[in-house]
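Let's take a walk through this model together, beginning with the space inside the protein and ending at the ligand.

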Amino acid sequence: MTRPLAPFGTRLWEAMDARGRLCVGIDPHASLLEAWGLGDDVAGLERFSLTVVEALAEQVAVFKPQAAFFERFGSRGVAVLERTVADARAAGALVLMDAKRGDIGSTMAAYADAFLAPTSPLFSDAVTVSPYLGFGSLRPALDLARASGAGVFALALTSNPEGHEVQHAVGADGLTVAQSVLGRLSAENGDADPMGSFGAVVGATLTGIDADLDINGPLLAPGVGAQGATPADLPKVFGPVARNVLPSVSRDILKHGPSAAALREASARFVDEVRAAIG
Ligand SMILES: O=c1ccn([C@@H]2O[C@H](COP(=O)(O)O)[C@@H](O)[C@H]2O)c(=O)[nH]1
């Protein structure tokens, strides 16, 4: 019988402490497969993903496979995703599945089973979800994550410029949509120590954030690297809550492959730069 997992927030905190604060995205873009000398096919996808895992799994705190790049190859791509998750977790890294699922509650329960039920072949330490069918629709994922020792990251303030029109809309309660998502996450986390398991996605590309990010949970910060943000931007963007930030980098590390040594060096450089910026 496998031992129950400690809460995701605790496990993430310990992993960031031990390995440094970095999430490496596994985003097998067709252009990266080509740059690595691989075919844009399932064999290329597999070689790419397993190379990243082999090179970095004993070094980085978190991997974030982007499900879309695996799903585009159908069931064989999903089989590669399953192996990627299993290998990464077996080597001691946490896996945050970037699936951004969101639906009515009854369907959300099935998405939760797919990624957060310990018996699922795609079980991950955490998953990204979209709260834009209403935060309450996420309840099955929040509850299953709590029971499984897993985590959930809800999109709050995304790194893309188009997110603004939705996330900054003001509701009847006078709160922006993003603030309302952040408030609900904060309530889920309560006074968990060292932090809760329910995180927000907040782009590192954003400037002048006018929202309370103090949710006592992790803040996943994509946008570092290819989208223009740097580790040095993190204190400006996150201020006093920088202690809970997990910066995420995909293309700007992956472009250094297929050399395992170059991937390790690029990821170690980001860890050092993040440490210098936010401790
Ligand atoms: O607001 C968001 C939410 C998710 N992402 C995802 O992160 C990576 C970013 O890749 P880079 O190559 O480091 O730009 C990608 O999988 C996005 O889907 C995001 O960028 N912004």
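A pocket here is an open set of grid points where a 1.4 Å probe fits, with protein on both sides within 12 Å along at least five of seven lines. Please keep in mind that the model is a predicted one.

With that in hand, look for the largest pocket, which holds about 410 Å³ of space. Its lining is made up of 23 residues, and those closest to the pocket's centre are Lys 64, Lys 100, Ser 159, Pro 222 and Gln 227. By class, the lining has eight nonpolar, ten polar and five charged residues.

What takes up the space of the largest pocket? The ligand does. There are 14 residues around the ligand, and the nearest are Asp 27, Ser 159, Gln 227, Ser 250 and Arg 251. This shell contains four nonpolar, five polar and five charged residues.

A polar side-chain atom of Arg 251 is 2.6 Å from a ligand oxygen. For Lys 64, an N or O atom of the side chain is 3.1 Å from an oxygen atom of the ligand. Lys 100 places a polar side-chain atom 3.4 Å from an oxygen of the ligand. As for how covered the ligand is, on its own the ligand would expose 460 Å², and the protein buries 88% of that area.

Key. Residues numbered from 1 in each chain as written. Predicted model: local features only at pLDDT ≥ 70, side-chain atom pairs only at ≥ 80, totals over all residues. Heavy atoms only, no water. Near = heavy atom within 4 Å. Polar contact = N/O pair within 3.5 Å; in protein donor to acceptor, adjacent residues only side chain to side chain. Areas by Shrake-Rupley, 256 points an atom, 1.4 Å probe, with all protein chains shown as cover. 1 Å grid on protein atoms, 1.4 Å probe; cavity = no way out; pocket = protein on both sides within 12 Å on 5 of 7 lines; lining within 4 Å. Sits in = over half its atoms within 2 Å of the grid points. Nonpolar A, V, L, I, M, F, W, Y, C, P; charged D, E, K, R; others polar. Points joined across faces, edges and corners; volume = space filled by probe spheres on them.
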